[in-house]
2 protein chains.
Amino acid sequence: MEQLTNAQNTLLQAIERLKRAMGMSPTVQELAVELGVKAPSVFEGLKRLEDKGYIRRQARKARSIEILHAQTPDKTNLMAVPVLGMVAAGQPILALENQIGQVMVPDNVLRGKCFALKVQGDSMIDADIFEGDYVVVRQQPIAENSDIVVAMVGEEATVKRLSIEGEHIELRPENQKLKPIIIGQQDELKIIGKVLHVCSGVDTEALLDEPPRRITT
Amino acid sequence: MEQLTNAQNTLLQAIERLKRAMGMSPTVQELAVELGVKAPSVFEGLKRLEDKGYIRRQARKARSIEILHAQTPDKTNLMAVPVLGMVAAGQPILALENQIGQVMVPDNVLRGKCFALKVQGDSMIDADIFEGDYVVVRQQPIAENSDIVVAMVGEEATVKRLSIEGEHIELRPENQKLKPIIIGQQDELKIIGKVLHVCSGVDTEALLDEPPRRITT
DNA sequence: TTAAAAACCTAACTTATATTAGGTTATTAG
DNA sequence: CTAATAACCTAATATAAGTTAGGTTTTTAA
(Lines give C-alpha, C1' and ligand atoms only; values in the text may rest on other atoms or scores of the structure.)
Protein backbone atom coordinates (compact mmCIF):
# COMPACT_ATOMS: atom_id res chain seq x y z
CA MET A 1 0.00 0.00 0.00
CA GLU A 2 1.33 3.33 -1.11
CA GLN A 3 2.62 6.01 1.25
CA LEU A 4 0.48 8.98 2.08
CA THR A 5 1.82 12.52 1.98
CA ASN A 6 1.31 14.83 4.91
CA ALA A 7 -1.69 16.58 3.45
CA GLN A 8 -3.30 13.32 2.41
CA ASN A 9 -2.81 11.97 5.89
CA THR A 10 -4.43 15.03 7.39
CA LEU A 11 -7.31 14.67 5.00
CA LEU A 12 -7.87 11.02 5.82
CA GLN A 13 -7.83 11.78 9.51
CA ALA A 14 -10.30 14.61 9.03
CA ILE A 15 -12.66 12.24 7.22
CA GLU A 16 -12.48 9.81 10.12
CA ARG A 17 -12.95 12.55 12.69
CA LEU A 18 -15.99 14.10 11.01
CA LYS A 19 -17.50 10.73 10.33
CA ARG A 20 -17.31 9.88 13.99
CA ALA A 21 -18.63 13.26 15.10
CA MET A 22 -21.52 13.47 12.65
CA GLY A 23 -22.40 9.84 12.27
CA MET A 24 -22.19 10.16 8.52
CA SER A 25 -19.57 10.68 5.86
CA PRO A 26 -18.69 14.36 5.43
CA THR A 27 -19.20 16.26 2.18
CA VAL A 28 -16.32 17.73 0.21
CA GLN A 29 -17.25 21.20 1.45
CA GLU A 30 -17.48 20.15 5.06
CA LEU A 31 -13.99 18.75 4.78
CA ALA A 32 -12.83 21.98 3.18
CA VAL A 33 -14.17 24.01 6.10
CA GLU A 34 -12.66 21.58 8.61
CA LEU A 35 -9.23 21.82 6.99
CA GLY A 36 -9.38 25.52 6.15
CA VAL A 37 -8.92 24.98 2.41
CA LYS A 38 -11.19 25.20 -0.60
CA ALA A 39 -13.38 22.43 -1.97
CA PRO A 40 -11.40 21.69 -5.13
CA SER A 41 -8.29 21.05 -3.05
CA VAL A 42 -10.18 18.52 -1.01
CA PHE A 43 -11.57 17.00 -4.18
CA GLU A 44 -8.07 16.57 -5.55
CA GLY A 45 -6.92 15.03 -2.30
CA LEU A 46 -9.81 12.59 -2.37
CA LYS A 47 -8.83 11.46 -5.85
CA ARG A 48 -5.31 10.76 -4.58
CA LEU A 49 -6.61 8.87 -1.57
CA GLU A 50 -8.79 6.85 -3.87
CA ASP A 51 -5.94 6.11 -6.28
CA LYS A 52 -3.87 4.86 -3.38
CA GLY A 53 -6.69 2.67 -2.23
CA TYR A 54 -7.43 4.31 1.11
CA ILE A 55 -10.99 5.28 0.33
CA ARG A 56 -13.70 4.48 -2.18
CA ARG A 57 -16.46 6.73 -3.43
CA GLN A 58 -19.37 6.85 -5.81
CA ALA A 59 -18.98 9.58 -8.42
CA ARG A 60 -21.22 12.59 -7.81
CA LYS A 61 -22.94 11.03 -4.85
CA ALA A 62 -23.18 13.10 -1.71
CA ARG A 63 -21.44 11.75 1.38
CA SER A 64 -20.30 8.62 -0.36
CA ILE A 65 -16.77 8.37 0.99
CA GLU A 66 -16.03 4.93 2.35
CA ILE A 67 -12.88 4.45 4.38
CA LEU A 68 -11.01 1.30 3.41
CA HIS A 69 -7.96 1.70 5.63
CA ALA A 70 -8.82 3.60 8.77
CA GLN A 71 -5.93 5.40 10.41
CA THR A 72 -7.45 4.98 13.83
CA PRO A 73 -9.38 1.87 14.83
CA ASP A 74 -12.97 2.02 16.01
CA LYS A 75 -13.90 1.35 19.57
CA THR A 76 -16.62 -0.83 21.03
CA ASN A 77 -18.02 -0.32 24.46
CA LEU A 78 -19.78 -3.41 25.71
CA MET A 79 -21.87 -3.91 28.79
CA ALA A 80 -22.99 -7.16 30.33
CA VAL A 81 -26.72 -7.74 30.43
CA PRO A 82 -28.19 -10.64 32.41
CA VAL A 83 -29.99 -13.39 30.55
CA LEU A 84 -33.18 -14.17 32.45
CA GLY A 85 -34.49 -17.10 30.50
CA MET A 86 -35.82 -18.20 27.16
CA VAL A 87 -38.57 -16.81 25.03
CA ALA A 88 -40.37 -18.49 22.20
CA ALA A 89 -40.37 -16.73 18.91
CA GLY A 90 -42.49 -19.48 17.39
CA GLN A 91 -44.91 -21.28 19.62
CA PRO A 92 -44.77 -19.60 23.02
CA ILE A 93 -42.94 -22.03 25.32
CA LEU A 94 -41.24 -20.79 28.44
CA ALA A 95 -41.37 -17.97 30.97
CA LEU A 96 -38.73 -15.74 32.51
CA GLU A 97 -37.06 -15.18 35.88
CA ASN A 98 -33.76 -16.51 37.34
CA GLN A 99 -30.55 -15.39 35.66
CA ILE A 100 -28.94 -18.07 33.51
CA GLY A 101 -26.06 -16.09 32.02
CA GLN A 102 -24.95 -12.86 30.47
CA VAL A 103 -24.61 -11.36 27.04
CA MET A 104 -22.46 -8.44 26.00
CA VAL A 105 -24.21 -5.54 24.34
CA PRO A 106 -22.91 -2.29 22.82
CA ASP A 107 -23.66 0.23 25.54
CA ASN A 108 -25.18 2.82 23.23
CA VAL A 109 -28.27 0.69 22.64
CA LEU A 110 -29.13 0.32 26.31
CA ARG A 111 -31.85 2.46 27.82
CA GLY A 112 -33.49 2.02 31.17
CA LYS A 113 -33.64 -1.37 32.87
CA CYS A 114 -32.55 -4.03 30.45
CA PHE A 115 -32.26 -7.77 30.43
CA ALA A 116 -31.86 -10.43 27.77
CA LEU A 117 -33.75 -13.54 26.72
CA LYS A 118 -32.65 -16.39 24.53
CA VAL A 119 -34.84 -16.88 21.51
CA GLN A 120 -36.55 -20.10 20.50
CA GLY A 121 -38.40 -20.61 17.25
CA ASP A 122 -38.42 -18.83 13.94
CA SER A 123 -41.42 -16.54 13.94
CA MET A 124 -39.31 -13.37 13.76
CA ILE A 125 -36.79 -14.30 11.12
CA ASP A 126 -37.81 -11.44 8.83
CA ALA A 127 -36.71 -9.07 11.59
CA ASP A 128 -33.38 -10.89 11.65
CA ILE A 129 -34.18 -12.62 14.96
CA PHE A 130 -33.21 -16.28 14.83
CA GLU A 131 -33.30 -19.29 17.14
CA GLY A 132 -30.43 -19.03 19.60
CA ASP A 133 -30.15 -15.25 19.34
CA TYR A 134 -30.58 -13.09 22.40
CA VAL A 135 -33.08 -10.26 22.47
CA VAL A 136 -32.14 -7.34 24.67
CA VAL A 137 -35.30 -6.11 26.31
CA ARG A 138 -36.06 -2.84 28.00
CA GLN A 139 -38.38 -3.55 30.85
CA GLN A 140 -41.55 -1.50 30.42
CA PRO A 141 -45.22 -2.23 31.07
CA ILE A 142 -46.51 -0.30 28.06
CA ALA A 143 -45.49 -0.44 24.43
CA GLU A 144 -46.46 1.34 21.26
CA ASN A 145 -47.91 0.19 18.02
CA SER A 146 -45.32 -1.51 15.81
CA ASP A 147 -42.81 -2.03 18.61
CA ILE A 148 -41.24 -5.44 18.81
CA VAL A 149 -42.09 -6.62 22.30
CA VAL A 150 -41.75 -9.49 24.70
CA ALA A 151 -45.20 -10.25 26.02
CA MET A 152 -46.94 -12.83 28.17
CA VAL A 153 -50.03 -14.33 26.62
CA GLY A 154 -51.52 -16.30 29.45
CA GLU A 155 -48.57 -18.21 30.92
CA GLU A 156 -46.34 -18.08 27.86
CA ALA A 157 -43.73 -15.52 26.85
CA THR A 158 -43.30 -14.58 23.22
CA VAL A 159 -41.53 -12.08 20.97
CA LYS A 160 -43.72 -10.42 18.39
CA ARG A 161 -44.43 -7.13 16.73
CA LEU A 162 -47.22 -5.37 18.57
CA SER A 163 -50.06 -4.00 16.51
CA ILE A 164 -52.57 -1.70 18.12
CA GLU A 165 -55.40 -0.38 15.96
CA GLY A 166 -57.88 1.27 18.22
CA GLU A 167 -59.29 -1.52 20.36
CA HIS A 168 -57.91 -4.26 18.16
CA ILE A 169 -54.61 -5.68 19.40
CA GLU A 170 -52.47 -8.28 17.65
CA LEU A 171 -49.09 -9.86 18.16
CA ARG A 172 -47.69 -10.28 14.68
CA PRO A 173 -44.89 -12.65 13.79
CA GLU A 174 -42.30 -11.41 11.31
CA ASN A 175 -42.47 -14.50 9.17
CA GLN A 176 -44.62 -14.80 6.07
CA LYS A 177 -45.65 -18.35 6.96
CA LEU A 178 -47.15 -17.58 10.37
CA LYS A 179 -50.38 -15.98 11.45
CA PRO A 180 -50.89 -13.15 13.97
CA ILE A 181 -52.06 -13.85 17.50
CA ILE A 182 -55.23 -11.88 17.99
CA ILE A 183 -55.80 -10.60 21.50
CA GLY A 184 -59.43 -10.71 22.52
CA GLN A 185 -61.00 -8.57 25.25
CA GLN A 186 -60.77 -11.40 27.79
CA ASP A 187 -57.27 -12.61 26.86
CA GLU A 188 -54.55 -11.75 29.33
CA LEU A 189 -51.77 -9.75 27.69
CA LYS A 190 -48.83 -8.54 29.76
CA ILE A 191 -46.16 -6.48 28.10
CA ILE A 192 -42.79 -7.37 29.56
CA GLY A 193 -40.77 -4.93 27.56
CA LYS A 194 -39.58 -3.63 24.25
CA VAL A 195 -36.85 -5.30 22.22
CA LEU A 196 -34.01 -2.80 21.80
CA HIS A 197 -31.39 -4.98 20.22
CA VAL A 198 -30.54 -8.45 19.06
CA CYS A 199 -27.31 -10.35 19.73
CA SER A 200 -26.48 -13.36 17.70
CA GLY A 201 -25.27 -16.55 19.35
CA VAL A 202 -21.66 -16.29 20.37
CA ASP A 203 -19.03 -18.42 18.77
CA THR A 204 -16.51 -19.15 21.47
CA GLU A 205 -14.05 -21.19 19.45
CA ALA A 206 -10.64 -19.55 19.51
CA LEU A 207 -9.58 -17.71 16.40
CA LEU A 208 -5.96 -18.35 17.08
CA ASP A 209 -4.57 -21.73 16.10
CA GLU A 210 -0.92 -20.94 16.64
CA PRO A 211 0.66 -18.52 19.10
CA PRO A 212 1.80 -15.25 17.54
CA ARG A 213 5.08 -15.57 15.73
CA ARG A 214 7.73 -12.96 16.26
CA ILE A 215 9.31 -11.97 13.06
CA THR A 216 11.59 -9.03 12.71
CA THR A 217 10.63 -6.39 10.21
CA MET B 1 -45.86 8.57 20.60
CA GLU B 2 -48.25 9.09 17.77
CA GLN B 3 -49.52 6.32 15.50
CA LEU B 4 -48.05 5.88 12.06
CA THR B 5 -50.22 5.41 9.01
CA ASN B 6 -49.56 2.56 6.64
CA ALA B 7 -47.62 4.64 4.16
CA GLN B 8 -45.56 6.25 6.90
CA ASN B 9 -44.75 2.85 8.27
CA THR B 10 -43.63 1.64 4.88
CA LEU B 11 -41.49 4.72 4.49
CA LEU B 12 -39.82 4.30 7.86
CA GLN B 13 -39.08 0.68 7.08
CA ALA B 14 -37.63 1.63 3.70
CA ILE B 15 -35.31 4.13 5.40
CA GLU B 16 -34.09 1.43 7.75
CA ARG B 17 -33.68 -1.08 4.96
CA LEU B 18 -31.71 1.22 2.68
CA LYS B 19 -29.62 2.47 5.56
CA ARG B 20 -28.60 -1.05 6.38
CA ALA B 21 -27.96 -1.98 2.76
CA MET B 22 -25.96 1.12 1.83
CA GLY B 23 -24.32 1.91 5.11
CA MET B 24 -25.61 5.46 4.89
CA SER B 25 -28.87 7.34 5.11
CA PRO B 26 -30.73 7.31 1.80
CA THR B 27 -31.62 10.45 -0.13
CA VAL B 28 -35.19 11.52 -0.77
CA GLN B 29 -34.86 10.41 -4.39
CA GLU B 30 -33.44 7.03 -3.49
CA LEU B 31 -36.40 6.46 -1.21
CA ALA B 32 -38.73 7.54 -4.01
CA VAL B 33 -37.24 4.93 -6.35
CA GLU B 34 -37.35 2.26 -3.64
CA LEU B 35 -41.01 2.90 -2.95
CA GLY B 36 -42.04 3.55 -6.55
CA VAL B 37 -43.33 7.05 -5.84
CA LYS B 38 -42.08 10.54 -6.62
CA ALA B 39 -39.72 12.60 -4.51
CA PRO B 40 -42.21 15.16 -3.22
CA SER B 41 -44.37 12.36 -1.84
CA VAL B 42 -41.43 11.05 0.09
CA PHE B 43 -40.60 14.54 1.24
CA GLU B 44 -44.10 14.96 2.58
CA GLY B 45 -43.89 11.63 4.34
CA LEU B 46 -40.60 12.62 5.92
CA LYS B 47 -42.16 15.76 7.31
CA ARG B 48 -44.92 13.68 8.89
CA LEU B 49 -42.40 11.22 10.35
CA GLU B 50 -40.48 14.15 11.75
CA ASP B 51 -43.59 15.77 13.22
CA LYS B 52 -44.43 12.52 14.94
CA GLY B 53 -40.91 12.26 16.30
CA TYR B 54 -39.76 9.14 14.50
CA ILE B 55 -36.91 10.76 12.63
CA ARG B 56 -34.87 13.94 12.71
CA ARG B 57 -33.18 15.71 9.83
CA GLN B 58 -31.16 18.76 8.96
CA ALA B 59 -32.91 21.00 6.47
CA ARG B 60 -31.46 20.84 2.97
CA LYS B 61 -28.66 18.52 3.96
CA ALA B 62 -28.14 15.42 1.89
CA ARG B 63 -28.58 12.07 3.62
CA SER B 64 -29.30 13.64 6.96
CA ILE B 65 -32.16 11.44 8.11
CA GLU B 66 -31.60 10.13 11.62
CA ILE B 67 -33.87 7.40 12.88
CA LEU B 68 -35.06 8.04 16.41
CA HIS B 69 -37.43 5.09 16.82
CA ALA B 70 -36.29 2.17 14.71
CA GLN B 71 -39.03 -0.26 13.73
CA THR B 72 -36.61 -3.15 13.72
CA PRO B 73 -33.77 -3.41 16.21
CA ASP B 74 -30.15 -3.64 15.12
CA LYS B 75 -28.19 -6.79 15.54
CA THR B 76 -24.73 -7.33 16.96
CA ASN B 77 -22.65 -10.32 16.12
CA LEU B 78 -19.91 -10.84 18.67
CA MET B 79 -17.03 -13.25 18.63
CA ALA B 80 -14.75 -14.20 21.48
CA VAL B 81 -11.12 -13.31 21.04
CA PRO B 82 -8.49 -14.65 23.47
CA VAL B 83 -6.61 -12.17 25.63
CA LEU B 84 -2.96 -13.16 25.55
CA GLY B 85 -1.51 -10.70 28.01
CA MET B 86 -0.87 -7.08 28.68
CA VAL B 87 0.79 -4.44 26.60
CA ALA B 88 2.16 -1.15 27.74
CA ALA B 89 0.84 1.91 26.01
CA GLY B 90 3.12 4.13 28.12
CA GLN B 91 6.42 2.70 29.24
CA PRO B 92 6.71 -0.73 27.65
CA ILE B 93 6.28 -3.24 30.49
CA LEU B 94 5.22 -6.78 29.76
CA ALA B 95 5.25 -9.38 26.98
CA LEU B 96 2.61 -11.69 25.60
CA GLU B 97 1.80 -15.41 25.56
CA ASN B 98 -0.56 -17.55 27.70
CA GLN B 99 -4.25 -16.80 27.44
CA ILE B 100 -5.62 -14.91 30.43
CA GLY B 101 -9.18 -14.36 29.30
CA GLN B 102 -11.47 -13.38 26.45
CA VAL B 103 -13.05 -10.29 25.05
CA MET B 104 -16.07 -10.05 22.81
CA VAL B 105 -15.60 -8.23 19.51
CA PRO B 106 -18.05 -7.36 16.71
CA ASP B 107 -17.27 -9.99 14.10
CA ASN B 108 -17.11 -7.60 11.19
CA VAL B 109 -13.85 -6.07 12.40
CA LEU B 110 -11.98 -9.37 12.58
CA ARG B 111 -9.61 -10.33 9.79
CA GLY B 112 -7.08 -13.14 9.85
CA LYS B 113 -5.66 -14.47 13.09
CA CYS B 114 -6.64 -12.18 15.92
CA PHE B 115 -5.96 -11.94 19.61
CA ALA B 116 -6.36 -9.25 22.24
CA LEU B 117 -4.07 -7.54 24.72
CA LYS B 118 -4.96 -5.48 27.75
CA VAL B 119 -3.58 -1.97 27.60
CA GLN B 120 -1.43 -0.33 30.27
CA GLY B 121 -0.42 3.32 30.23
CA ASP B 122 -1.72 6.37 28.48
CA SER B 123 0.49 6.93 25.47
CA MET B 124 -2.31 6.34 22.97
CA ILE B 125 -5.11 8.34 24.50
CA ASP B 126 -5.48 10.59 21.46
CA ALA B 127 -6.37 7.47 19.49
CA ASP B 128 -9.01 6.72 22.12
CA ILE B 129 -6.98 3.86 23.61
CA PHE B 130 -6.97 4.02 27.40
CA GLU B 131 -5.53 2.05 30.28
CA GLY B 132 -7.66 -1.06 30.82
CA ASP B 133 -8.92 -1.17 27.25
CA TYR B 134 -8.28 -4.19 25.08
CA VAL B 135 -6.64 -3.86 21.69
CA VAL B 136 -7.68 -6.44 19.14
CA VAL B 137 -4.62 -7.33 17.14
CA ARG B 138 -4.31 -9.05 13.81
CA GLN B 139 -1.21 -11.17 13.91
CA GLN B 140 1.11 -10.13 11.08
CA PRO B 141 4.88 -9.75 10.81
CA ILE B 142 4.79 -6.69 8.58
CA ALA B 143 2.93 -3.44 8.93
CA GLU B 144 2.56 -0.25 6.94
CA ASN B 145 3.38 3.32 7.64
CA SER B 146 0.82 4.95 9.94
CA ASP B 147 -0.68 1.66 11.13
CA ILE B 148 -1.23 1.33 14.84
CA VAL B 149 0.79 -1.74 15.79
CA VAL B 150 1.81 -3.91 18.68
CA ALA B 151 5.58 -4.29 18.52
CA MET B 152 8.38 -5.71 20.56
CA VAL B 153 11.25 -3.34 21.18
CA GLY B 154 13.88 -5.57 22.73
CA GLU B 155 11.96 -7.55 25.37
CA GLU B 156 9.05 -5.17 25.80
CA ALA B 157 5.72 -5.04 24.01
CA THR B 158 4.16 -1.70 23.18
CA VAL B 159 1.29 -0.18 21.21
CA LYS B 160 2.24 2.75 18.99
CA ARG B 161 1.65 4.25 15.61
CA LEU B 162 4.28 3.04 13.19
CA SER B 163 6.04 5.64 11.11
CA ILE B 164 8.24 4.53 8.22
CA GLU B 165 9.99 7.20 6.18
CA GLY B 166 12.47 5.48 3.96
CA GLU B 167 15.03 3.97 6.32
CA HIS B 168 13.86 5.98 9.30
CA ILE B 169 11.46 4.09 11.56
CA GLU B 170 9.68 5.46 14.61
CA LEU B 171 7.05 4.24 17.03
CA ARG B 172 4.97 7.29 17.79
CA PRO B 173 2.71 7.65 20.80
CA GLU B 174 -0.66 9.30 20.28
CA ASN B 175 -0.28 11.64 23.22
CA GLN B 176 0.99 15.20 22.93
CA LYS B 177 3.07 14.86 26.05
CA LEU B 178 5.17 11.89 24.96
CA LYS B 179 8.08 11.50 22.58
CA PRO B 180 8.47 8.98 19.72
CA ILE B 181 10.65 5.91 20.11
CA ILE B 182 13.26 6.08 17.37
CA ILE B 183 14.36 2.73 16.02
CA GLY B 184 18.07 2.62 15.17
CA GLN B 185 19.68 0.20 12.73
CA GLN B 186 20.82 -2.11 15.54
CA ASP B 187 17.63 -1.95 17.62
CA GLU B 188 15.51 -5.06 17.54
CA LEU B 189 11.98 -4.32 16.32
CA LYS B 190 9.48 -7.11 15.94
CA ILE B 191 6.04 -6.34 14.63
CA ILE B 192 3.51 -8.52 16.43
CA GLY B 193 0.50 -7.29 14.56
CA LYS B 194 -1.82 -4.49 13.58
CA VAL B 195 -4.45 -3.06 15.90
CA LEU B 196 -7.84 -3.57 14.24
CA HIS B 197 -10.13 -2.52 17.01
CA VAL B 198 -10.36 -1.33 20.58
CA CYS B 199 -12.71 -2.63 23.27
CA SER B 200 -13.25 -0.64 26.39
CA GLY B 201 -13.10 -2.29 29.77
CA VAL B 202 -16.24 -4.24 30.46
CA ASP B 203 -18.61 -3.20 33.15
CA THR B 204 -20.08 -6.38 34.56
CA GLU B 205 -22.38 -4.87 37.16
CA ALA B 206 -25.93 -5.87 36.49
CA LEU B 207 -28.21 -3.28 34.97
CA LEU B 208 -31.22 -4.79 36.57
CA ASP B 209 -31.92 -3.86 40.18
CA GLU B 210 -35.35 -5.39 40.41
CA PRO B 211 -36.80 -8.35 38.54
CA PRO B 212 -39.13 -7.44 35.66
CA ARG B 213 -42.56 -6.49 36.84
CA ARG B 214 -45.56 -7.90 35.07
CA ILE B 215 -48.12 -5.28 34.48
CA THR B 216 -51.10 -5.75 32.26
CA THR B 217 -51.55 -3.33 29.42
C1' DT C 1 -71.89 10.74 3.70
C1' DT C 2 -69.01 14.16 4.02
C1' DA C 3 -65.13 16.93 5.50
C1' DA C 4 -60.45 16.52 6.61
C1' DA C 5 -56.27 14.54 6.20
C1' DA C 6 -53.10 11.75 3.75
C1' DA C 7 -50.97 10.30 -0.34
C1' DC C 8 -49.91 10.99 -4.42
C1' DC C 9 -48.81 13.71 -8.86
C1' DT C 10 -46.28 17.31 -12.33
C1' DA C 11 -43.60 21.19 -12.85
C1' DA C 12 -40.72 24.28 -11.29
C1' DC C 13 -37.07 26.09 -8.29
C1' DT C 14 -33.28 26.57 -4.73
C1' DT C 15 -29.53 25.06 -2.53
C1' DA C 16 -25.97 21.77 -1.77
C1' DT C 17 -22.60 19.07 -3.54
C1' DA C 18 -19.50 17.44 -6.77
C1' DT C 19 -16.66 18.48 -10.52
C1' DT C 20 -13.84 20.87 -14.25
C1' DA C 21 -10.64 24.24 -16.12
C1' DG C 22 -6.76 26.72 -15.79
C1' DG C 23 -3.67 28.74 -13.14
C1' DT C 24 0.06 29.82 -8.92
C1' DT C 25 2.96 28.34 -5.29
C1' DA C 26 5.10 24.92 -2.42
C1' DT C 27 7.51 20.44 -1.98
C1' DT C 28 9.92 16.60 -3.31
C1' DA C 29 13.03 13.54 -5.76
C1' DG C 30 16.65 12.98 -8.91
C1' DC D 1 19.17 23.15 -9.55
C1' DT D 2 15.46 21.56 -11.93
C1' DA D 3 11.55 18.90 -13.37
C1' DA D 4 7.70 16.71 -11.60
C1' DT D 5 4.24 16.33 -8.43
C1' DA D 6 1.42 17.96 -4.89
C1' DA D 7 -1.25 21.43 -2.86
C1' DC D 8 -3.45 25.02 -3.18
C1' DC D 9 -6.30 28.87 -5.47
C1' DT D 10 -10.49 31.41 -8.23
C1' DA D 11 -14.17 31.04 -11.19
C1' DA D 12 -17.57 28.34 -13.35
C1' DT D 13 -20.39 24.62 -14.30
C1' DA D 14 -23.06 20.26 -13.85
C1' DT D 15 -25.63 17.34 -11.33
C1' DA D 16 -27.85 15.80 -7.20
C1' DA D 17 -30.71 16.60 -3.62
C1' DG D 18 -34.01 19.05 -1.19
C1' DT D 19 -38.04 21.97 -1.37
C1' DT D 20 -42.25 24.62 -2.90
C1' DA D 21 -46.62 25.34 -5.27
C1' DG D 22 -50.73 23.85 -6.74
C1' DG D 23 -53.35 20.32 -7.96
C1' DT D 24 -56.01 15.25 -8.03
C1' DT D 25 -57.23 11.03 -5.85
C1' DT D 26 -57.60 8.01 -1.99
C1' DT D 27 -58.25 7.05 2.72
C1' DT D 28 -59.84 8.02 7.24
C1' DA D 29 -62.62 9.53 10.87
C1' DA D 30 -66.66 12.06 12.49
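Arg63(B) sits in the loop between strand S1 (55-56) and strand S2 (66-67) of chain B. Strands here are DSSP runs of E of at least two residues, helices are runs of H or I of at least four, and both are numbered from the N terminus. This is a predicted model, in which local features need pLDDT of at least 70, side-chain atom pairs count only at pLDDT 80 or more, and totals for chains, interfaces and linings use all residues. Residues are numbered from 1 along each chain as its sequence is written, while chains are lettered from A and ligands numbered from 1 in the order in which they are written.

- Most residues other than glycine have a negative phi.
- Arg63(B) has a positive phi, near 55°, and is not a glycine.
- Arg63(B) counts as buried because 21 C-beta neighbours lie inside 10 Å. The cut-offs use C-beta atoms placed from the backbone: buried means 20 or more others within 10 Å, exposed means 12 or fewer, and partly exposed is in between.
- Asp128(B) lies in the loop between strand S6 (114-120) and S7 of chain B. Phi of Asp128(B) is positive too, at about 70°.
- Asp128(B) has 15 other C-beta atoms within 10 Å, so this residue is partly exposed.

- Val136(B) belongs to strand S7 (residues 134-139) of chain B.
- Val136(B) is buried because 25 other C-beta atoms lie within 10 Å.
- Beyond four places in sequence, the contacts of Val136(B) include Val81(B), Val105(B), Cys114(B) and Leu196(B). Contact means C-beta atoms, placed from the backbone, within 7 Å.
- Gln13(B) is 123 residues from Val136(B) along the chain, and their C-alpha atoms are separated by 34 Å.
- The largest nonpolar core holds 72 residues. Such a core is a set of buried Ala, Val, Leu, Ile, Met, Phe, Trp, Tyr and Cys residues joined through C-beta atoms within 7 Å.
- Val135(A), Val136(A), Val137(A), Val150(A), Val135(B), Val137(B) and Val150(B) touch the most other core members.

**Chain A: fold and hairpins**

- Chain A has 3 helices and 13 strands. Of its 217 residues, 35% count as buried.
- Strand S8 (residues 148-153) and strand S9 (residues 156-165) of chain A pair antiparallel over 6 bridges. Pairing requires at least two DSSP bridges between the strands.
- S8(A) and S9(A) form a hairpin with 2 residues between them, and Gly154(A) in the turn has a positive phi of about 65°.
- S9(A) also runs antiparallel to strand S10 (residues 168-172) of chain A, joined by 5 bridges.
- The hairpin of S9(A) and S10(A) has 2 residues between the strands, with Gly166(A) in the turn at a positive phi of about 65°.

**Surfaces near the DNA**

- Around DNA strand C there are 25 residues, and Thr27(A), Val28(A), Thr5(B), Ala7(B) and Lys38(B) come nearest. A residue is near a strand if its C-beta atom, placed from the backbone, lies within 6 Å of it.
- H3(B) supplies the largest share of the surface near DNA strand C, 5 residues.
- DNA strand D is surrounded by 25 residues, the closest being Thr5(A), Ala7(A), Lys38(A), Thr27(B) and Val28(B).
- H3(A) gives the most to the surface near DNA strand D, with 5 residues.

Conventions: Two residues are in contact if their C-beta atoms, placed from the backbone, lie within 7 Å.
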